[in-house]
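Dear colleague,

Please find the structure below. My notes on it follow.

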Amino acid sequence: MKMIFAEYLVLSSLVLGVQLFLYQTQQILFVEVNGTAKIHCSSKEKMEGGDVFWYLRREGEKPTCIKYCLDYLNVSKFACKHEAHLSTLEINNIQKNETGIYYCAYIDSSYLLFGNGSTLIVGDSYTDSSWVMLLVPFPRGRQVTGTANLACVIHGVSSPVHVSWCVSGELQEQGLTRSLKAKDGSLVFINHISVPMDTWTSGKNYTCEVKFNSSGTSVKKSTRYLEAPASECSHYIVPLAAGAGLLLLLVSLSLVWTLCPSTLGFKPRVSASPASQEHQGGILYAHLDFDSRNRNGRTMQRPARGKRVKP
């Protein structure tokens, strides 16, 4: 019995020792329209070129197989270049509709193994209606428990963009991205991250960087936690009390004027329409809830509520 168990351990270690993993080190590529894209896929173990596939997942669609490296059809568009530990997909005369995430895949025994994916953006995603905004939590005093949700909203783009987060200059992992399609065909992306509340309230700077094309320029929006006003203001109690009394008097007179205008000999005034909120610095303080669910277990999106303020 012990001999059988020992043989099982040896065989298991051999199987694990030759397990193949695929690595796509190009997290994102920008290529101009009509250009050539080269996407790499590597492995520490030797790969057979005929067992390599390439899949493309466009925004809002399922992954589809676009190239089997043993297939020599349509080589003018897609070409596979293979070495012992590296497989490269070349895409010639690339167009904007070929923007998406490219995955390499390899047949290992009876399994199809996938790489981690490389995002390819073709052309420029920026349009005249594009803008970027940060959504950050409301200040809540000295709260240090729970989770803080921060979101980077990219509005009015023609194709996917690259979003990254930095915390006090240190690059963080990519956030979770959700996409919406507007009536005019433009796209809206919401990339959000969740951080511990004590990390958010520590005063570190959070920066969302958005890249639209291969020019190297980007749009950055930064923010940090602003602590709620302190309560150490006892020397303001008398002025505040006097101001509150005056405000209460004004409110009472306003109500009498509005509800009983005939007793004062005035006609009630019609309230002016509220002024439209303007874009002020690209930061919106809001309550973010990405995990709300209804009784049926379906995900519901609560509307973010708040007001824009200057950074």
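By class, how many nonpolar, polar and charged residues does the lining of the largest pocket have? Seven are nonpolar, twelve polar and four charged (Ala, Val, Leu, Ile, Met, Phe, Trp, Tyr, Cys and Pro count as nonpolar, Asp, Glu, Lys and Arg as charged, and the others, Gly among them, as polar).

This is a predicted model, in which local features need pLDDT of at least 70 and side-chain atom pairs count only at pLDDT 80 or more, while totals for chains, interfaces and linings use all residues. Residues are numbered from 1 along each chain as its sequence is written, and side-chain values use heavy atoms, without hydrogens and water.

Confidence: pLDDT (the predictor's confidence in each residue, from 0 to 100) averages 75 over the chain, and 65% of the residues score at least 70. Residues 1-18 have a pLDDT below 50, and beyond near neighbours in sequence this stretch has two contacts in the model (heavy atoms within 4.5 Å). Residues 261-280 are also below 50, with 20 such contacts. Where pLDDT is low, the predicted coordinates should not be read in detail.

Six bridges join S16 (residues 206-211) to S17; Thr-207 has Ser-222 in S17 as its bridge partner.

Regards

Note on methods
Two strands pair if DSSP finds at least two bridges between them. Helices (H or I, at least four residues) and strands (E, at least two) are DSSP runs, numbered from the N terminus.
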